Structures are given as structure tokens and as C-alpha cells.
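Reader: I am new to this structure. Please show it to me, and then let me ask about the words used for it.

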Amino acid sequence: MEYLPNILFILALAAGIGFFVVNCRKLIRNIKLGRDEDRSDNKPQRFKNMAKIALGQYKMVRRPVSGIIHVLVYLGFVIINIEVLEIIIDGIFGTHRIFSFLGGFYDFLIAVFEVFALLVLVGVIIFWIRRNVLHIKRFLNKELKGWPKLDANLILYFEVVLMLLFLTMNAADLSLQLRGAEHYAQASGIVGAFPVSQFIAPIFENMDTASVIMIERAAWWIHILGILVFLNYLYYSKHLHILLAFPNTYFARLKPQGELDNLEAVTNEVKLMMDPDADPYAMPEEGAADEVPAKFGASEATDLSWAQLLNAYTCTECGRCTSECPAHQTGKKLSPRRIMMATRDRIEDIGKNIDANKGEFKEDGKQLLDDYITREELWACTTCNACVEACPVGINPLSIIMDMRQYLVMEQSAAPSDLNNAMTNIENNAAPWPFNQMDRANWINEI
């Protein structure tokens, strides 16, 4: 029975990490369902972007209030979780505060953890008020109704509970140290620096030692189990960006924002047409006629690249892209945030379909175009790149919009009539206006 807590802890740890690994493999599988795309160029710039945007939170603080609070919560959560290493070692080997031999430095670490725990609590409360009381416009869009709103609040509740458990655990531990309780005093050998939990510790003064030990142990267990639950909840939450922001910023598009990608097949056709030495009557190479022509653009999530699907999974649903979108501001249906959420929903549905059918996708009568993203949304986009510039983690909604537009134009000839007229005029008159090139300057004589 002496080793039962250690065995239970090891089993819980193995189950938590094991389930997390399974979900990570599923996530990677879903992202790889996208078409291949080379994003291995210019590694120094990619590492710089990752350090600056994901680690340094550079784009978050462009909106100072939410940005600075987010940085504090982010730093607090990362720094406090350093303590998880000590909890894991204590749980496996049955020790208590195994790093306390560090003396004054350990005091300093505990003090830092507690200060950040308090900052995280304050930050999370402010975030909850912003989402649920202040009615900030970008949190009121219809794509945030239901699960997205509940998910955002659940994460905030999770963080509050974890921080309170951490401080309660420390307060009970401090009370036991001051009493000289066996094991606690011996394990730490110091009273320690508890700048926040020392104000909670007086609650335990009139309790007997056994009760305080029970509270400390309960807080310790629920805290570590809560962290394991939180870790596995990430896959089902928008807070997956905690993990994916780093690869997403590393693999972000490095080309100038105004530069659109050309289809290689179309580029080759144009080069052939402009080549004076090309033989228009030449027979295709052997086997070339049997090749299935590549699909132009994207109508399904699997037509997008793996980098675009990584974008979709990384979306934080913060709505900065939508709040900056001029089409959305003028009442159009387009919301760049919804484009990313819909893409993620579709690739998730495809992944579930594959899981349900033993590794094989069975047609479900749906596709990304029309069933998840409407044509009205796609054609409302002005291609201004405001959404791309606004995203704090380097997501590019415009690339998905342009690929889906490309499919509508080149595969279905389904562009709006005004655009069709302009393209016809460009083809016939080398300009978007319905005038012959010879007559284009006639307006000068009418002045």
C-alpha cells in the first residue's frame, strides 16, 4: 500500500500522455491530408519569424490592452508549468518538493511562480469580462455562438481552477512547514517564500494537521490531473494554438503579401504560347496523354495544402482578422475567422470519416465549397490582405479564399457576371473595358 499512490500517479501520467500522443498523431494525419507544398526555404527567416511572432508575441501587443494581458497569461502559464517537472518527479518517486535543496534559489522560483499565478488569475478574469460582459463586437459574431463561446469560457475556467489549486497547495504546504509536520518540514527544510499563498495559509490555522495534509494532497492531485486533462482538451479546443503557433509561424508564407501564386500548369501553357520555336502541332510525350489533369483551385479541404490546413488548426478565433476586414465592416457576409473555422471543421469531419471507416474515406455527399463556405463569402473578399496582417500567429485566410475562387472560375466558370464580362473584355480587347484597342482613346476627341 505504501507504493499505491506512486503506481496510481504513473498510470495517470501514462494515460494522459498516451492519449495526448494519439491525438497528436491524428492531428498530423489530418494536416497531411492536404496537398504537398514546399515550405523549407529560407530557414533563418523562418526561425526569426517563429521567435518574433510565436515566442515574442510581437503581433499580439499591437492591441495593447488585450495584447499585454495575453503576454502575462502566456508567460505565467509557461513559467508556472516548470513546476510540473518537480510534481512529476515527486509523484513517481514519492518525494516531496525534491528541488528544495536549492535553498534560496528554490525560494525565488516559488515566489516567481506564485506572482505569475496571481497575474494569470487577474488576466483570466479580465478576459472573461471582455468576452461576457463588455460585449466587444468581434466576440459577438454568429460563428462564435454555441460551442466556440463555451470553449473559450471553459479554457478560462480551467486556468482559474488550476491557479487556485496551485496556490491552495502551496498555502497548505506552508502551514504544514510552519507546524513542523513530519515529511513536509523534512522534505523542504525551509519555510520558503510564498508571497501570495501566505495570505491564504491562515485559513488552515484552526484545522488539525491531518486535515491540512488531506487538503494539500487533494490540491496536489487535482492540480496535476487537471493539467493532464487540460493537455488532452487542447486537441478539441481553439487553444490548440498554444502548441501550433510555433510550427505555423515557422512555415508561414514568406512572399510579399500582394504577390499571388500562379498555377504551374497555366504558367507552362502561357510560356508555350509565347515560345516562337514551339510547335503547336507537336504530339504530347509518351504517357502524357494518360495523365489526369490537375484540379484547378480547391473545392474540398483536401485540395488545400498542408500549410493551409495547419493554418486552420492554429486559428485562435480571436477575430482580429474579421474586425479588420473591410468587406465585413461594410456588412458583407465574409468573416475571415469563419473561413478558417469552417476549413478546420471540414478537415475534422474528413478525419472522423476516415477513423469510422478503418482508414478509408467514404463519400459523405459534402465538400468545403457550398456546404461549409458559401460563394457569397468568397466573392465578398477584396484581397486587401488586412486579415493576414492582423493575425497574431501568421494565418493566411486569403490563400484559401483565392484557391476556392480559382476553382469556381477555372473549373465551373462560375464567376459573378461582372467579373466574367471583365475577363471576356481582357481576352478580346486586352483591357477590362468593352472597347476595341483602336477605339480606346476616342474619348479624347469628345472633350
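Author: Start with one term: buried means under 20% relative accessible area, exposed means over 50%, and partly exposed lies in between (1.4 Å probe, protein chains only). The model is predicted, so local features need pLDDT of at least 70, side-chain atom pairs count only at pLDDT 80 or more, and totals for chains, interfaces and linings use all residues. Residues are numbered from 1 along each chain as its sequence is written, and side-chain values use heavy atoms, with hydrogens and water left out.

Reader: Is Ala 390 called buried or exposed, and why?

Author: Ala 390 has a relative accessible area of 16%. The limit for buried is under 20%, so Ala 390 is buried. Ala 390 sits in helix 17 (residues 386-390). Helices here are DSSP runs (H or I, at least four residues), strands are runs of E (at least two), and both are numbered from the N terminus.

Reader: What is known about the pair of Phe 251 and Trp 306?

Author: Phe 251 and Trp 306 are also edge-to-face, at 5.0 Å centre to centre and 85 degrees between the planes. This pair links distant parts of the chain, 55 residues apart: Phe 251 is in the loop between helix 9 and helix 10 (264-274), and Trp 306 is in helix 11 (residues 306-314). Trp 306 counts as buried, because its relative accessibility is 16%.

Reader: Which residues form one aromatic cluster?

Author: Phe 77, Trp 147, Phe 158, Phe 230 and Tyr 233 do.

Reader: What makes a space a pocket?

Author: On a 1 Å grid over the protein atoms alone, a cavity is a set of points where a 1.4 Å probe fits but cannot get out; a pocket is an open set with protein on both sides within 12 Å along at least five of seven lines, and lining residues have an atom within 4 Å of a point. Grid points are joined across faces, edges and corners, and a volume is the space filled by probe spheres set on the points. The second largest pocket has about 980 Å³ of space. Its lining has 43 residues, and the closest to its centre are His 70, Glu 159, His 239, His 241 and Ile 242. Helix 3 gives the most to this lining, with 6 residues.

Reader: How do you know where the second largest pocket lies?

Author: Domain 1 (4-31 + 63-250) and domain 2 (264-280 + 292-436) both give residues to the lining, so the second largest pocket lies between them. The domain bounds come from an automatic or database domain assignment.

Reader: What of Asp 370?

Author: Phi of Asp 370 is positive too, near 80 degrees. Asp 370 is in helix 15 (residues 368-371). At 38% relative accessible area, Asp 370 is partly exposed.

Terms used:
Phe/Tyr/Trp six-rings, centres within 6.5 Å; stacked < 30°, edge-to-face > 60°.
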